[in-house]
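Please examine the model shown below.

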Amino acid sequence: MFELINRVRAENPLVHNITNAVAAHFAANGLLAVGASPIMADEPAEMADMAAICDALLINIGTLNQSSIEAMLLAGKAANARGLAVVLDPVGVAATALRRETVARLLSEVKFAAIRGNAAEMAFVAGESWQGKGVDAGSGCADVAAVAQAVARQYGCISAVSGATDYVSDGIKTFAVHNGTPMLPQITASGCLLGSVIAAFLAVADKAEYLNAALAACTAYAVAGEKAAAGLHHTQSGSFGVCLLDTLGALMAEEVALAARIEAV
């Protein structure tokens, strides 16, 4: 499944990102590093045209406003009409009424191929109890693997829960990815970039491959994080962010296969 890395670089999919102001620059550079082409656009008037030229869509609610909410709904529906993979990142969904209402509306009006979030965000989507802290995961006692499975089943999609261990599920099969580094949550938009990378991998996969594609994306990203963190002090988050982009750009499918620590749950 890690050969999808090569497929992304060969096909150079155009990924439309409606993402937050904090993440846009980092996500665009990260997509370029993995071999995809990013486009960042949130003007409602051009959403139909974007769907006509793009290969996948990422909707990230990190910095919401009424115009971007309208754009998300229009873009999601237009992408659905074209059969494109649409990925949702419900950033800080439980933090405010606007975020809760927006995600509820998106989930009811747009069909998502994948939903990616941290444990707090995904637990909220699954209806489980979890205490988040703003956009951070916070703490809770829910079974994270079960949360991943519940989200996938409820919304008929692939779910990916990011954390010290990542969980990827289609509602039937669930996998734990034990790769990663504590430095990933120390840089802004590391999770947001993962959502964009998942979209890029889904863009070059058949629908029957979506579970493998999301699992490959999460594993490749976690392995890249490990490699980028090697030799860095835990305070060198700025250097880590640059190293992560460099590592994503050089990452080979064979490296990921050798380093991957994946467990069927």
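## The second largest cavity

Helix α3 (47–53) gives the largest share of the lining of the second largest cavity, namely three residues. The complete lining consists of His 16, Met 47, Met 50, Ala 51, Cys 54, Ala 56, Leu 57, Ala 75, Ala 79 and Leu 84. By class, nine of these residues are nonpolar, one is polar and none is charged; here Ala, Val, Leu, Ile, Met, Phe, Trp, Tyr, Cys and Pro count as nonpolar, Asp, Glu, Lys and Arg as charged, and the others, Gly among them, as polar.

The space in this cavity is about 40 Å³. A cavity is a set of points, on a 1 Å grid over the protein atoms alone, where a 1.4 Å probe fits but cannot get out, and lining residues have an atom within 4 Å of a point. Grid points are joined across faces, edges and corners, and the volume is the space filled by probe spheres set on the points.

## Basis of the model

The model is predicted: local features need pLDDT of at least 70 and side-chain atom pairs count only at pLDDT 80 or more, whereas totals for chains, interfaces and linings use all residues. Residues are numbered from 1 along each chain as its sequence is written, and side-chain values use heavy atoms, with hydrogens and water left out.

## The largest cavity

Two cavities of 30 Å³ or more are counted, and the largest has a volume of about 80 Å³. Its lining is formed by Ile 5, Val 8, Arg 9, Val 34, Val 197, Phe 201, Ala 217, Ala 220, Tyr 221, Leu 248 and Leu 251. Ten of the lining residues are nonpolar, none is polar and one is charged.

## Sheet and covering helices

Nine strands form an open sheet of mixed pairing, in the order β2-β1-β3-β4-β5-β8-β9-β10-β11. Its edge strands, β2 (37–40) and β11 (262–264), each pair on one side only; two strands pair if DSSP finds at least two bridges between them. On average, neighbouring strands are turned by 20° against each other, direction ignored. Within the sheet, β3 (residues 56–60) and β4 (residues 85–89) are parallel partners over five bridges, and Leu 57 stands opposite Val 86 in β4.

Helix α4 (residues 66–82) lies across β1 (14–18), β3 and β4, at about 155° to β3. Helix α9 (residues 210–229) lies across β4, β8 (158–162), β9 (166–169), β10 (174–177) and β11, at about 170° to β9. Axes are lines fitted to C-alpha atoms, for helices over the stretch in contact, and angles run from 0 to 180 degrees between N-to-C directions.

Ser 68, in helix α4, is buried at 3% relative accessible area (buried is under 20%, exposed over 50%, partly exposed in between, with a 1.4 Å probe and protein chains only). Apart from neighbours within four places in sequence, Ser 68 is in contact with Asp 42 and Thr 63, contact being heavy atoms within 4.5 Å.

Ala 145 belongs to helix α7 (residues 144–155) and counts as buried because its relative accessibility is 10%. Not counting residues up to four places away in sequence, Ala 145 touches Tyr 167, Thr 174 and Val 265. Ala 145 and Ser 169 are 24 residues apart in sequence, with a C-alpha to C-alpha distance of 8.1 Å.

Key: Helix = DSSP H or I, 4+ residues; strand = E, 2+ residues; numbered from the N terminus. 1 Å grid on protein atoms, 1.4 Å probe; cavity = no way out; pocket = protein on both sides within 12 Å on 5 of 7 lines; lining within 4 Å.
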